Amino acid sequence: MTSSMDKIRENLGKNIKKYRKALKLTQFELGVQVDVTEYYIQYLEKGKRMPSMSVLAKLADALRVEPSELLEK
């Protein structure tokens, strides 16, 4: 059984990857813009981590979307 938090992390990861690829950014390039490692971006995209609110805001800025768009299904 998948928890609500698991679903949120999964949706977040899929959306980060979708928007990153749309901008033709590598995980490394996105990490530099957000001030995190490319490995952290990998963990986020795989749904293994949940970012802090400040990192979520930086991700949204770097990906040119609203933070809420990163959390959508």
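In which helix is Lys 18 found? The points below begin with that residue.

1. Basis of the note. The structure is a predicted model, in which local features need pLDDT of at least 70 and side-chain atom pairs count only at pLDDT 80 or more, while totals for chains, interfaces and linings use all residues. Residues are numbered from 1 along each chain as its sequence is written, and side-chain values use heavy atoms, with hydrogens and water left out.

2. Lys 18. This residue is found in helix α1; helices are DSSP runs (H or I, at least four residues) numbered from the N terminus. At 47% relative accessibility, Lys 18 is partly exposed, a class that lies between buried (under 20% relative accessible area) and exposed (over 50%), with a 1.4 Å probe and protein chains only. Lys 18 and Leu 70 are 52 residues apart in sequence, yet their C-alpha atoms are 9.6 Å apart in space.

3. In soluble globular proteins, nonpolar side chains tend to be buried together.

4. Leu 59. Contact here means heavy atoms within 4.5 Å. With neighbours within four places in sequence left aside, Leu 59 is in contact with Ile 16, Leu 30, Val 34, Ile 41, Leu 44, Pro 51 and Leu 70.

5. Asn 11. Helix α1 (residues 4–22) also holds Asn 11, which is buried at a relative accessible area of 14%. Beyond its neighbours within four places in sequence, Asn 11 is in contact with Leu 70, Leu 71, Glu 72 and Lys 73.

6. The structure holds four salt bridges, each being a side-chain nitrogen of Lys or Arg within 4 Å of a carboxyl oxygen of Asp or Glu. Asp 6 and Arg 9 meet in one of them at 2.4 Å, N to O; these two residues are three apart in helix α1 and therefore separated by about one helical turn. Glu 10 and Lys 7 form another at 3.8 Å, N to O. Lys 7, Glu 10 and Lys 14 are linked in a network of salt bridges. Asp 6 is partly exposed at 30% relative accessibility, as are Glu 10 at 32% and Lys 7 at 42%.

7. Salt bridge between helices. Arg 20 forms a salt bridge with Glu 45, and the closest N and O atoms are 2.6 Å apart. Arg 20 lies in helix α1 and Glu 45 in helix α3, so this pair ties together parts that are 25 residues apart in sequence. Both residues, Arg 20 and Glu 45, are buried.

8. Nonpolar surface patch. Met 5, Ile 8, Met 50 and Leu 71 make a nonpolar surface patch of about 320 Å². Patches are made of residues with over 30% relative accessible area and no salt bridge, like charges being joined within 9 Å and nonpolar side chains (Val, Leu, Ile, Met, Phe, Trp, Tyr) within 5 Å; accessible areas come from the Shrake-Rupley method with a 1.4 Å probe, and for residues only the protein chains shown count as cover. Met 5 is found in helix α1 and is partly exposed, at 42% relative accessibility.
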